[in-house]
Amino acid sequence: KADAVIHLGKHGNLEWLPGKSLVLSEYCYPEISLGTLPNFYPFIVNDPGEGSQAKRRANAVILDHLTPPLTRAELYKELLELEALIDEYYQAQSLNPTRLKIISDRISELVKTTKLNEDLGIQEVNQNSLTEFLSIADGYLCELKEAQIRDGLHIFGQCPSGTQLRDLIIAIALFSSYNNLGIIEAIQEDLNKEKTPLLLKVIREDKDYFKNIANNLIEKIIQGEKSQDINIGNHSQKSLNWIEKELLPNLRKTDQEITNLIRGLEGKFIPSGSSGAPSRGRSDVLPTGRNFYSVDIRAIPSETSWDVGRKAAEALIERYTQENGEYPRTLAISVWGTSTMRTGGDDIAQIMALLGVKPIWDGVSRRVVDFEVIPISVLNRPRVDVTVRVSGFFRDGFPNILDLFHKIITHLATLTEEKENNPLACQVEKDKNYWIEEGLAQAQAQERATYRLFGSKPGAYGAGLQGLIESQNWQTDADLARAYLNWSSYAYVGSKGVSMPEVFEQRLQDLQIVLHNQDNREHDILDSDDYYQFQGGLTAAVRHLKGENPITYFGDNSQPNNPKVRALKEEIARVYRSRVVNPKWIAGVMRHGYKGAFEMSATVDYLFAYGATTKSVPSFMFEGVAQSYLLDDNVKHFIQEKNPWALRDIAERLIEASQRGLWQNMSPQMYDKLREIANEAEGAIE
């Protein structure tokens with residue numbers, strides 16, 4: 001007998017009770033609900049898409065919960081030593097040049113051990129290439145050190161404490177919002193204008209100078225000091241006052257997650273609240289424990305998102321042009337409903353900017369009512385022919401955007417512009433003639449030539465690769481490509497989907513760029529199977545059709561004022577260095593027993609899947625995972641004790657990576673050790 005059904009899914013962010021995790025293989029939706037009992041869905045506050053689905057399918061009540069504690073990745077082991085040696089090398093240049101040879105030899109040795117040169121696109125670090133390496137390695141190490149990672153999981157109803165709370169506050173208060181400067185920016189501004197004693201306490205030469213000041217100030221606030229009593233500058237005072245009066249109290253109300261769950265079970269009202277990523281300037285989503293809502297789909301993209309998307313489009317075009325000496329002609333991007341809700345349409349705005357159009361908003365409601373074509377003379381570059389692969393939820397939740405895109409594409413195809421400035425119109429004309437020759441009427445040929453929006457079959461979701469990867473039921477690239485193509489070949493005009501595999505393959509055969517964006521750093525591309533399914537599956541399909549990998553880019557829009565574009569290989573390296581083998585992250589998940597070991601196993605699965613689909617994971621990463629997870633006695637013992645299934649799965653996945661040629665030149669000793677660990681875990685399970 002039960003009073004309600006509480007559904008938990010494997011969203012990888014939540015521990016239900018300290019030391020006691022509940023893990024299900026997939027989200028529980030109403031088809032397996034128990035009769036007419038109330039349905040409560042705990043969802044992370046930055047996941048409006050999944051929550052909206054639950055509301056629509058089961059009239060569900062959402063109980064949103066806080067994100068996992070966020071912290072700086074910092075450097076560790078050889079990377080920490082390498083940073084110190086680079087500083088020492090620069091000092092020796094002016095103070096003691098005789099030591100340069102000793103230091104450079106040690107740097108070369110460490111680089112060889114860590115393979116850091118591969119991250120930076122440098123073949124080998126020696127005396128000839130050392131200057132080039134040092135010029136970019138110092139900045140790269142700083143970027144890794146400042147990367148935002150999770151420090152364990154969120155425990156339902158518990159506010160983080162101690163350094164976890166301090167680091168989470170910094171992560172949320174880092175960027176400017178609500179007429180406040182970000183805490184670091186505020187400190188910098190005050191130091192430039194007001195040399196206050198407190199701000200000058202920390203040693204100026206410390207590379208973490210501003211971060212240490214912020215830590216110091218926030219710790220004072222957490223301990224109960226009033227911001228008005230702390231002797232700091234005006235900008236820092238304003239930022240600190242907001243933290244004291246709004247942010248910290250709202251975080252401390254995290255216990256409302258449990259309180260409101262109990263209220264719901266008693267049939268009482270659960271207050272509503274907005275949803276979004278707290279670390280992306282959305283502190284208004286706090287406190288958690290509320291029945292969140294998402295967005296007005298008619299107001300997408302918002303004016304703020306248009307600004308982000310326009311900048312992201314410019315960054316992508318600039319990078320491609322610098323690397324290839326020409327403007328991009330064709331690009332494919334995967335668009336998800338959850339990120340669209342979370343950002344207000346950053347991806348939609350970027351697509352429009354790449355096409356060379358901009359939204360027109362209604363003056364009162366700020367809803368998008370039409371679009372405006374940007375003339376080539378103003379655009380100052382060619383338009384980009386964009387193919388969009390939408391998720392199942394996006395298809396269901398944003399039919400108006402599908403209608404708008406189709407309207408834009410059909411209009412751009414009619415423009416009389418020079419061919420080199422409008423590759424979309426040029427390709428539509430070429431494809432129309434092809435389909436006419438194949439026997440179609442002109443109207444049918446024209447419609448088929450303008451298809452640019454694709455997704456899974458109506459009523460279906462996903463990209464078709466998860467089952468293949470998990471079951472190991474594939475042999476070659478062709479198997480992965482065919483699965484993706486079979487799941488993605490429905491062309492959409494509004495909510496109407498038509499199977500068009502030939503058209504979809506035509507689009508991919510001429511593709512130059514595969515792009516996927518991420519809008520926040522509360523998770524990364526090795527946290528979910530969706531990333532490798534959509535971007536990896538698309539890449540595998542293009543590689544199968546063209547015989548070569550497309551250029552794969554990762555868009556980092558976590559800082560809306562400064563969107564960045566990286567090669568996918570660079571992003572995987574960044575996540576690998578900052579989180580996957582970082583002792584700080586490993587120690588964080590080890591606090592969570594069974595679920596923590598599961599997170600490690602899932603990370604290995606997603607790393608493997610990205611390697612299989614995109615060929616962007618070098619062999620040293622698999623070896624690094626083996627050394628950090630299985631050959632470290634402390635970590636191995638933890639996994640074996642808490643979750644022997646995870647131990648077996650990690651070992652078997654690494655062996656599979658070797659067998660499929662993703663981990664090349666695995667030593668016989670390593671293979672024997674991994675096989676021994678897998679057998680040992682299997683015995684423990686039995």
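Close-up 1. Look for Ser274 in the loop between strand 8 (272–273) and strand 9 (291–292); helices (H or I, at least four residues) and strands (E, at least two) are DSSP runs numbered from the N terminus. The side chain of Ser274 makes a polar contact with the side chain of Asp284, at 3.0 Å. For a polar contact, two N or O atoms lie within 3.5 Å; within protein, one must be able to donate a hydrogen and the other to accept it, and residues adjacent in sequence count only if both atoms are side-chain atoms. Leaving aside residues up to four places away in sequence, Ser274 touches Val45, Asp64, Arg282, Asp284, Val285, Arg290, Phe292 and Tyr293 (contact means heavy atoms within 4.5 Å).

A word on conventions: residues are numbered from 1 along each chain as its sequence is written, and side-chain values use heavy atoms, with hydrogens and water left out. The model is predicted, and local features need pLDDT of at least 70, side-chain atom pairs count only at pLDDT 80 or more, and totals for chains, interfaces and linings use all residues.

Close-up 2. Pro301 belongs to the loop between strand 9 and helix 11 (303–324).

**Close-up 3. Strand 13 and its parallel partners.** Six of the six residues of strand 13 (residues 385–390) are buried, so the strand is largely enclosed by the rest of the structure. Both faces are covered, with Asp385, Thr387 and Arg389 buried on one side and Val386, Val388 and Val390 buried on the other. Strand 10 (residues 330–335) runs parallel to strand 13 and is joined to it by six bridges; two strands pair if DSSP finds at least two bridges between them. Within this pairing, Ala332 stands opposite Thr387. Strand 14 (residues 453–455) is also parallel to strand 13, with two bridges, and here Arg389 stands opposite Phe454.

**Close-up 4. Helix 6 packed against helix 8.** Helix 6 (residues 162–173) and helix 8 (residues 209–222) pack at an angle of about 115 degrees, with their axes 10 Å apart. The axes are lines fitted to C-alpha atoms over the stretch in contact, and angles run from 0 to 180 degrees between N-to-C directions. Leu165, Arg166, Asp167, Ile169 and Ile170 in helix 6 meet Lys211, Ala214, Asn215, Ile218, Glu219 and Ile222 in helix 8. These contact residues divide into six nonpolar, one polar and four charged (Ala, Val, Leu, Ile, Met, Phe, Trp, Tyr, Cys and Pro count as nonpolar, Asp, Glu, Lys and Arg as charged, and the others, Gly among them, as polar).

**Close-up 5. Lysines with positive phi.** Lys115 is not a glycine, yet its phi is positive, at about 60 degrees. Lys115 lies in the loop between helix 3 (100–114) and helix 4 (116–119) and, at 31% relative accessibility, counts as partly exposed. Lys615 also has a positive phi, near 60 degrees. Lys615 is placed in the loop between helix 25 (593–614) and helix 26 (619–630), and its relative accessible area of 44% makes it partly exposed.

Technical notes: Buried < 20%, exposed > 50% of the residue type's maximum accessible area, 1.4 Å probe, protein only.
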